[in-house]
Amino acid sequence: DKVKVFTVATEPTDGYARYLRSTRVYDIEVTTLGLGEEWKGGDMQHPGGGFKLNLLREAISPFKNDPDTVILFTDSYDVVITATLEEIVEKFKESGARLLVSAEKFCWPDKSLANNYPEVEGKGSRFLNSGAFIGYAPQVYGLLEDPIEDTADDQLYFTKVFLDETRRAKLGMKLDTQSRLFQNLHGAKNDVKLKVDLDTNQGVLQNVDFMTTPAIIHGNGLSKVDLNAYANYLAKTFNGQCLVCQENLLDLDDNDLPVITLAVIVTTPVPFYDQFLEGVKSLNYPKKKLHLLMYSGVSYHDDDTREFVTKYGEKYASAKYTLSTDELDERQGRQLALDKARLHQSDYIFFLDADAQIDDGEVLRELLRLNKQFVAPLFTKHHELWSNFWGALSEGGYYARSHDYVDIVKRDLIGIFNVPHVTSIYLVKHSAFDAITFQHKEFDPDMAMCESLRNAGIFMYITNQRYFGHLVNADNFNSSVTRPDFHTLFTNRYDWAEKYIHPNYSAQLNESYLIPQPCPDVYWFQIVTDAFCDDLVAIMEAHNTWSDGSNSDARLEGGYEAVPTRDIHMKQVGLDQLYLKFLQLFVRPLQERVFTGYFHNPPRSLMNFMVRYRPDEQPSLRPHHDSSTYTINIAMNRAGIDYEGGGCRFLRYNCSVTETKKGWMLMHPGRLTHYHEGLLVTKGTRYIMISFIDP
């Protein structure tokens with residue numbers, strides 16, 4: 001049989017591109033009607049669509065008297081084809097109809113006609129849907145022979161034909177009530193099941209009520225989000241690997257790169273903002289192709305935001321900032337960035353929220369290469385399922401878990417996915433700018449933006465093909481304490497380690513790495529950064545509850561200290577549990593590296609304290625043993641610069657360590673063998689951090 005396939009699309013939307021891809025996958029030649037023309041069919045959120053029937057009538061007129069020609073018509077923006085034309089025609093012929101129209105669960109647009117429809121078997125779909133139909137050319141033309149206004153409703157037009165028993169019989173017209181060929185999704189969520197092959201990740205949508213495998217899937221009405229989710233796996237998007245990921249990629253020409261507005265958005269206090277700004281700097285993209293707009297809605301980040309633009313702004317094509325004192329709310333801040341992108345005639349806008357830490361500076365280029373109107377990299381909180389996207393929506397438009405969410409987040413499934421909601425980091429093409437609004441009566445700005453894009457038919461893609469960064473955890477982040485980042489080890493272990501653990505730490509765990517030993521059984525490790533030292537000293541000095549250096553010490557059980565120092569305990573500043581975790585995660589592995597055969601996990605330490613030595617307070621410490629299995633001593637500032645003198649002398653070996661290094665840790669046995677003293681500080685202030693481990 002001769003088969004002619006038609007669709008209508010006036011604009012090349014994301015949905016139309018998806019539809020065309022599905023036809024190419026199955027070698028189906030399709031004629032698109034109306035492309036590039038003005039849509040005259042009214043607002044499709046309401047009854048309308050007669051325009052497409054007028055286009056179709058004219059297009060099939062040459063075949064109206066050819067009984068051997070089959071006409072297949074489908075909508076395009078919300079349709080995916082999942083079978084070959086041969087399979088489609090076979091299903092049509094099996095129906096016994098001369099004209100087969102898709103069916104749905106709702107009588108629309110005129111509910112009053114519902115009782116006029118014939119009854120159907122079981123859970124069948126009773127009501128006509130005009131989004132897809134197939135028939136012999138004379139019957140299809142006969143369906144369209146009555147005139148219709150462009151703005152009149154096409155579905156009501158078909159309904160009246162179908163409900164006319166005489167015309168229905170003359171046309172041989174049937175509804176596909178059991179979804180053997182067509183599956184309309186609105187109201188059918190419990191009727192269908194997506195089956196995905198675990199080896200290939202290829203999907204098939206099955207109607208579980210009738211155990212049919214429809215070939216044409218239509219996301220009619222309110223089912224667009226469902227169709228998007230199913231379509232991620234339909235029409236051979238996967239075959240063991242992501243096939244669609246390799247299609248329609250953009251070749252970047254370094255001599256003609258797109259102009260991008262980089263919108264940095266800070267809406268709440270976040271930890272590790274300094275590292276976030278380093279990520280912004282690391283973007284591998286010519287700064288002269290970037291227009292920078294930084295919005296700070298919180299005073300805590302105002303100074304760093306201003307300083308960044310002041311220091312680096314001249315490197316960018318343009319650089320502006322707004323601060324909390326400008327009193328713009330988040331919606332206004334995001335809208336300002338979008339307005340700036342239009343003003344600069346940017347090809348894209350790259351939104352980057354302050355909770356999104358960039359770990360790979362190639363992220364912007366890689367997103368550009370994917371050539372989408374909207375695309376985002378997968379960012380997650382470390383060791384959590386919390387991410388920057390939602391896989392599904394509840395009926396109210398809020399978060400719902402999708403069947404594939406965990407697989408995508410864990411990267412057990414690698415690809416690019418059309419999702420209903422994205423936050424924190426995303427790239428938007430200029431063609432989508434006009435669709436975006438951040439205003440909504442109920443939704444926050446992110447949700448409002450995503451809803452506006454969904455309503456405009458712009459697909460939001462998330463890609464997890466490559467790791468580009470992560471989300472920090474800003475929950476319960478207290479920006480009012482001194483050096484807030486230091487307090488977040490339990491909530492942001494990865495970022496905490498990046499900021500506070502010495503970059504050479506891991507190398508020391510290698511058996512081949514030679515650990516310095518300045519005195520017998522005294523080991524010297526690179527353990528923490530300058531930031532660790534500076535922040536902890538600042539915390540202690542801000543607390544300013546230094547002991548008086550006498551033997552009387554109410555902080556200790558019994559109230560007596562045999563070898564007193566001027567110090568502050570970690571318990572006093574609320575950081576004892578954090579420091580015990582630090583000992584477990586970072587000190588214990590080093591101890592096991594050098595003192596082989598001794599294992600104690602977690603380490604136990606009742607005394608974790610910072611000591612302050614000054615010539616006019618306590619300049620030194622008399623010889624003593626420590627009440628510990630082993631002791632650690634971390635130098636918190638610089639010998640010869642911040643202070644003069646100082647150090648530690650081990651009397652039994654007549655061996656001293658005086659040239660201590662900031663951020664380096666001495667580790668030595670506490671009892672019996674390592675009788676030691678604190679050497680005289682002659683100038684400045686010396687800080688050390690001490691722990692008596694496993695007393």
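## Negative surface patch

Asp27, Glu86, Glu87, Glu90 and Glu94 form a negative surface patch. Patch residues have over 30% relative accessible area and no salt bridge, and like charges are joined within 9 Å. A salt bridge here is a side-chain nitrogen of Lys or Arg within 4 Å of a carboxyl oxygen of Asp or Glu. Asp27 sits in the loop between α1 (14-25) and β2 (30-33). Helices (H or I, at least four residues) and strands (E, at least two) are DSSP runs. Asp27 is exposed, at 72% relative accessible area. Exposed means over 50%, buried under 20%, partly exposed in between (1.4 Å probe, protein chains only).

## Model basis

This is a predicted model: local features need pLDDT of at least 70, side-chain atom pairs count only at pLDDT 80 or more, and totals for chains, interfaces and linings use all residues. Residues are numbered from 1 along each chain as its sequence is written, and side-chain values use heavy atoms, leaving out hydrogens and water.

## Disulfides

The whole structure holds two disulfides (cysteine sulfur pairs within 2.5 Å). Cys242 is joined to Cys245, S to S 2.0 Å. The torsion about their S-S bond is about 90 degrees, so this disulfide is right-handed. Cys242 is buried at 7%, and Cys245 is buried at 3%.

Cys519 is joined to Cys655, S to S 1.9 Å. Their torsion is about -85 degrees, so the bond is left-handed. Cys519 lies in the loop between α14 (493-500) and β26 (523-526) and Cys655 in strand β33 (residues 655-657), so the pair ties together parts 136 residues apart in sequence. Cys519 is buried at 2%.

Terms used:
Patch = residues over 30% accessible without salt bridge, like charges linked within 9 Å, V, L, I, M, F, W, Y side chains within 5 Å. Areas by Shrake-Rupley, 256 points an atom, 1.4 Å probe, with all protein chains shown as cover. Lys, Arg positive; Asp, Glu negative; His and termini not counted. Charge placed at Lys NZ, Arg CZ, Asp CG, Glu CD.
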